[in-house]
Each structure stands twice: as C-alpha cells, then as structure tokens.
Amino acid sequence: RTVDAMRDLGATTIHAELGPCIGPECYEFGTDDLAPLVDRFGPQVRARTRTGAPALDVRAAATRAAADCGVTLSVVDACAACEPDRYFSHRARREAGRMATIVWRDEPA
C-alpha cells in the first residue's frame with residue numbers, strides 16, 4: 001500500500017534499506033508458521049539456526065517482498081541478536097528500543 005501511495009504521488013524509482021535485524025542463525029521459527037511464508041516468499045526464506053532448528057530469513061523475505069512490488073532494497077548484513085552492544089533485539093532478549101523510518105521525495109529536476 002505504501003508503494004502504491006508513493007507511485008500515486010509520482011514516484012518512479014523507489015529505494016528502501018533494511019537495517020540490522022535478527023538473522024536466521026538466531027531466529028528459530030516453527031515449521032508450521034514458516035510454511036505460509038515459504039509459500040508467499042519462496043524457499044530462500046527457509047533457513048536454519050546455529051543449532052540446526054528451522055529458521056526464518058527475514059532479509060530474504062524482505063528482499064523478495066520489495067522485488068515483488070518493484071522496490072530496490074539494500075540490506076545491512078548485521079544480526080541484531082548477535083551484536084547486543086550495538087543493537088537491541090526484542091526477539092532475542094525482549095529489549096525495547098527505538099526504530100526510525102525516513103521517507104523523502106526528491107523533486108524532479
């Protein structure tokens with residue numbers, strides 16, 4: 001919906017960036033919960049944790065979702081769960097933190 005709204009306002013090129021998030025090595029995900037995500041985003045979202053449990057690759061899912069709506073996505077390859085001194089992680093440690101979303105529109109030349 002956001003992409004549609006941006007296009008309705010005249011956007012022709014949309015670029016997004018996914019910042020640090022939990023990596024698949026740390027994001028255990030139940031097989032039954034993972035199945036519909038695999039159906040929607042493809043087998044590349046299915047991963048394994050360090051211990052071999054089923055996992056979700058959030059970066060792969062976001063990349064596919066962005067591509068499906070014509071958005072170029074850059075991904076920061078940092079696991080928030082693995083770097084507690086740099087990033088908070090609600091999923092890994094039930095921590096609260098701040099997130100930001102920034103949107104801007106370049107005026108046509």
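A residue is called buried under 20% relative accessible area, exposed over 50% and partly exposed in between, with a 1.4 Å probe and protein chains only; by this rule Arg86 is exposed, at 60%, and Glu83 is partly exposed, at 24%. The structure is a predicted model, in which local features need pLDDT of at least 70 and side-chain atom pairs count only at pLDDT 80 or more, while totals for chains, interfaces and linings use all residues. Residues are numbered from 1 along each chain as its sequence is written, and side-chain values use heavy atoms, leaving out hydrogens and water.

Arg86 and Glu83 form a salt bridge, with their closest N and O atoms 3.3 Å apart, where the term requires a side-chain nitrogen of Lys or Arg within 4 Å of a carboxyl oxygen of Asp or Glu. The count comes to 4 salt bridges, and among them is the one between Asp77 and Arg59, at 3.8 Å. This pair links distant parts of the chain, since Asp77 lies in the loop between β4 and α4 and Arg59 in helix α3 (residues 58-68), helices being DSSP runs of H or I with at least four residues and strands runs of E with at least two, numbered from the N terminus. Asp77 is exposed at 68%, whereas Arg59 is buried at 12%.

Within helix α3, Arg64 and Asp68 are 4 residues apart and so are separated by about one helical turn; their side chains meet in a salt bridge of 3.0 Å. Arg64 and Asp68 also belong, with Arg40, to a network of salt bridges.
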